[in-house]
Amino acid sequence: MTPSPTVLPAWHRHDGADWHRLQAIDRSMLGAPVLYLAGSEGSTWAGGGDRFDLRADDWLGGGTLRNSFYVDPWAKLSHARELGLVVDVRGSLRLRVMRATRGQAPVVLREMHIDAPMRGRHVLPLGSLSALPEGSRLFWHVDAIDGARLHEAAWCTRSTPRVGARLAVLMRTWGRTRDLQAQLERFAQGARSDPFHAALLARTEFWVLDTSAAADHLWPEADALGLDLRVMTGPNLGGGGNASHLIHHFLVRCDAAPAEAPDEVLILDDDLLLSMESLARHWMASAYRAVEHVASLPVLMKSQPTRVWEDGGFWGRLNFKEQGGFGLKRNMFPHLLKHGLSLNGFEHLDEFGPLNHCEYTTFIFFALPLATLRRIGLPAAFFLRGDDIEYSLRAQAAGVPVITNPNLAAWHEPGHSYAQEYMAILHAVLINFRHSDSGAAEFARWFEQRLAEHTALDDLEGARLYLQVLEHLQDEPSALLTTDFDAHYRAALPALQAARMSPLPEAERQRLERDAGEHGVLLRPFLYPGYQPDASRYRAVVLVNAGAGTYRELPPVAPADRLWLMRRYLAALAAFVEHFDALRARWRERLAVSGGAAFWAEVAARHADETRALAHAKFRFPPPPTAPAAGEPGPPPPDADWPAALPVRELRQRIERELVQLARLRQGAAAQAGRAPQQHAGMVGPASPLARWWQGLRRPVSRAARHPHPGSPAQPLPADFDPAQYLALNADVARTGIDAALHYAQFGRAEGRRYRL
């Protein structure tokens with residue numbers, strides 16, 4: 001392992017104190033741009049993404065999902081206390097930090113003006129994290145005055161991170177090597193573009209178990225990434241089995257060299273999208289960890305980048321759909337938190353503010369201390385589906401809370417098939433045997449409903465899936481949850497591929513959904529289609545797997561075939577109910593054993609001949625820029641392309657001085673003529689537009705003018721008009737003392753003035 005300093009270097013030093021970076025701008029633009037930064041038209045992202053150029057009166061805001069600072073994970077789970085915002089800027093600008101909470105409008109927390117003719121870092125102290133209201137979300141907002149260039153904005157603390165913190169990232173794959181390598185390349189690119197990221201990756205080791213058939217030939221250039229990377233290959237034990245097989249070998253290495261063992265572990269999926277900045281934020285959260293917990297993040301969909309798939313979940317009991325109580329009786333599927341939430345706008349961002357305690361989270365991103373992993377054990381011997389649920393419930397039973405951190409985010413695409421449903425339900429029963437109080441009656445009712453739904457449609461393949469679950473649970477010699485567990489799945493899964501689904505282009509799917517009723521077609525999801533007693537009235541029944549974009553038209557079924565399957569199904573269910581207590585005791589024991597270190601040591605011994613190392617690369621800091629050869633032009637100096645500043649503030653001040661001088665001259669002329677001045681300072685003549693502007697503003701403001709009647713010709717004010725913010729954003733109007741609503745209605749709207757942040 002690469003030796004490195006025991007203490008991370010400070011990111012900035014100010015007034016004799018070290019400021020340590022917690023999170024900075026995530027500029028990766030994974031997912032959708034709306035999730036990253038908001039800005040006025042014309043604000044540009046220049047220089048290959050390393051800076052933001054703002055013209056006079058441009059603005060840029062970080063009040064988005066990826067660049068808001070959610071306070072609760074830091075205030076409640078870390079030892080970080082004093083908070084500040086450090087900006088790396090040049091130019092003239094106003095910097096504000098806003099605070100928002102659920103159900104409340106944002107308010108200004110702190111503000112500062114910066115005039116920096118040269119690039120430099122400036123600190124805006126924000127006080128103690130613990131002093132902020134619970135559920136707070138902070139974000140920064142920059143208004144350029146004469147033009148500005150923002151290089152970085154980072155939330156920092158003066159608290160010191162834990163000495164000697166190290167992180168191990170564990171990834172496994174089967175058939176998705178290219179996706180996994182692309183994710184590693186994203187991390188490596190982070191080291192090349194940001195020295196802070198490089199410092200973190202120097203203290204991070206990556207472990208990869210690639211069980212693809214051609215794995216031996218897929219890692220010839222592992223060293224080129226420049227990461228501390230170990231690549232292994234071995235038998236394919238499924239996503240869950242591969243995870244535990246990899247963890248076993250990782251722990252063996254930790255035991256052999258305890259002084260070099262990392263203290264934090266992160267399990268990642270092979271096909272997620274995760275930015276280097278998200279990994280860095282998690283890294284720092286681990287370095288400041290003060291409370292033992294399992295951490296994950298909001299997972300969004302690759303196909304719909306602004307839609308949340310899950311933010312953790314509750315298993316069975318808190319489904320909120322079947323009068324679910326808070327006891328330990330569970331059904332057979334999860335309730336995903338924030339599932340389907342759209343983040344196209346900003347109205348739902350504060351839903352992530354309160355610290356999200358959940359019951360389980362996903363192995364897409366699953367983080368915990370090494371000591372916690374050793375205490376809980378390894379994931380159970382599940383081939384796929386449910387391994388993360390069982391492991392999370394086991395952690396909770398051991399007193400370890402499970403949370404999600406909204407300062408992080410990843411993108412992943414869900415998938416469903418008959419084989420995955422078989423494993424999901426088989427493992428759901430095993431999980432509930434150990435982690436619920438559900439009795440035979442609850443299980444029987446659930447399986448009865450599945451039989452009724454699928455046989456009403458003549459979907460015998462769908463019903464046969466649940467029949468297999470019942471029969472395999474009663475197969476005592478089964479290899480399920482034994483050290484030869486993969487043999488069970490290799491024998492069971494091929495039979496579930498008999499029901500072939502055909503590809504369905506998106507346009508055809510939309511047409512089918514639109515015209516189904518007109519053509520006598522009953523269109524239902526292939527899983528959980530609902531009870532359809534009138535299905536026989538339709539000309540055809542089509543089952544759709546929307547996530548995979550596939551469909552299957554059900555063929556006619558002979559009544560004898562349907563009745564034979566129903567009799568066999570009900571006989572298996574009756575036997576399951578009759579022997580329920582014995583079955584539960586047997587599977588509880590097997591499940592407990594399969595999560596132990598001794599179990600996985602035996603699995604590793606069985607597959608020792610197939611498991612071997614493919615590569616071991618060391619971390620390398622990116623090389624510094626090379627000096628140009630003799631006669632070649634060198635790199636341009638920093639900010640060489642800095643545009644000439646437009647002196648907007650100076651011009652405004654000059655105009656104000658001229659108006660004051662003009663007013664004095666007119667007042668003097670009026671006094672000499674023996675009459676009082678009839679026109680306000682700044683008027684050029686009775687018929688001039690400037691005169692009408694000032695006259696209109698200085699008249700007494702009536703209630704009707706402030707709030708025009710709906711039937712009046714005046715256009716009503718916007719519903720979100722904020723007079724205080726309008727005056728704050730338009731200092732020239734504020735100095736006149738004019739009513740904000742009247743000015744906006746008569747002049748500001750036509751002039752295109754902003755009335756709120």
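1. An open sheet of 3 strands runs in the order 17-16-23, and its pairing is mixed. Strands here are DSSP runs of E with at least two residues, helices are runs of H or I with at least four residues, and both are numbered from the N terminus. Two strands pair if DSSP finds at least two bridges between them. Strand 17 (308-310) and strand 23 (410-412) are the edge strands, each with a single partner, so one side of each has no neighbour in the sheet. On average, neighbouring strands are turned by 50° against each other, direction ignored. That angle is taken between axes, which are lines fitted to C-alpha atoms.

2. Strand 16 (residues 299-301) pairs with strand 23 in the parallel sense, over 3 bridges. Within this pairing, M301 stands opposite H412 of strand 23.

3. On provenance: this is a predicted model, in which local features need pLDDT of at least 70 and side-chain atom pairs count only at pLDDT 80 or more, while totals for chains, interfaces and linings use all residues. Residues are numbered from 1 along each chain as its sequence is written, and side-chain values use heavy atoms, with hydrogens and water left out.

4. Helix 15 (residues 597-606) has F599, W600, V603 and A604 as its buried residues. Buried means under 20% relative accessible area, exposed over 50%, and partly exposed in between (1.4 Å probe, protein chains only). Seen down the helix axis, the buried residues of helix 15 fall within an arc of 135°, so they line one face. The arc is that of the directions from the helix axis to the C-beta atoms. A597, A598 and A605 are exposed on the other side of helix 15. The cover over the buried residues includes helix 4 (238-256), helix 11 (485-492) and helix 14 (580-594).

5. S78 sits in the loop between helix 1 (72-77) and strand 8 (82-100). S78 counts as buried because its relative accessibility is 4%. A polar atom of the S78 side chain lies 2.5 Å from the backbone oxygen of W74. The S78 side chain also reaches the backbone nitrogen of A80, at 3.2 Å. Leaving aside neighbours within four places in sequence, S78 is in contact (heavy atoms within 4.5 Å) with P73, Y288 and A290.

6. The structure holds 44 salt bridges. The criterion is a side-chain nitrogen of Lys or Arg within 4 Å of a carboxyl oxygen of Asp or Glu. One of them joins the side chains of K76 and E134, at 2.8 Å from N to O. This pair links distant parts of the chain: K76 is in helix 1, and E134 is in the loop between strand 9 (107-128) and strand 10 (137-157), 58 residues apart. K76 is partly exposed, at 35% relative accessible area, whereas E134 is exposed, at 62%.

7. E260 and R253 form another salt bridge, with the closest N and O atoms 3.3 Å apart. E260 is partly exposed, at 34% relative accessibility. R253 is also partly exposed, with 25%.

8. The side chains of D534 and R537 meet in a salt bridge at 3.6 Å, N to O. D534 is partly exposed, at 41%, and R537 is exposed, at 68%.

9. A network of salt bridges links R21, D194, E277 and R281.

Conventions
Polar contact = N/O pair within 3.5 Å; in protein donor to acceptor, adjacent residues only side chain to side chain. Axes fitted to C-alpha atoms, helices over the stretch in contact; angles between N-to-C directions.
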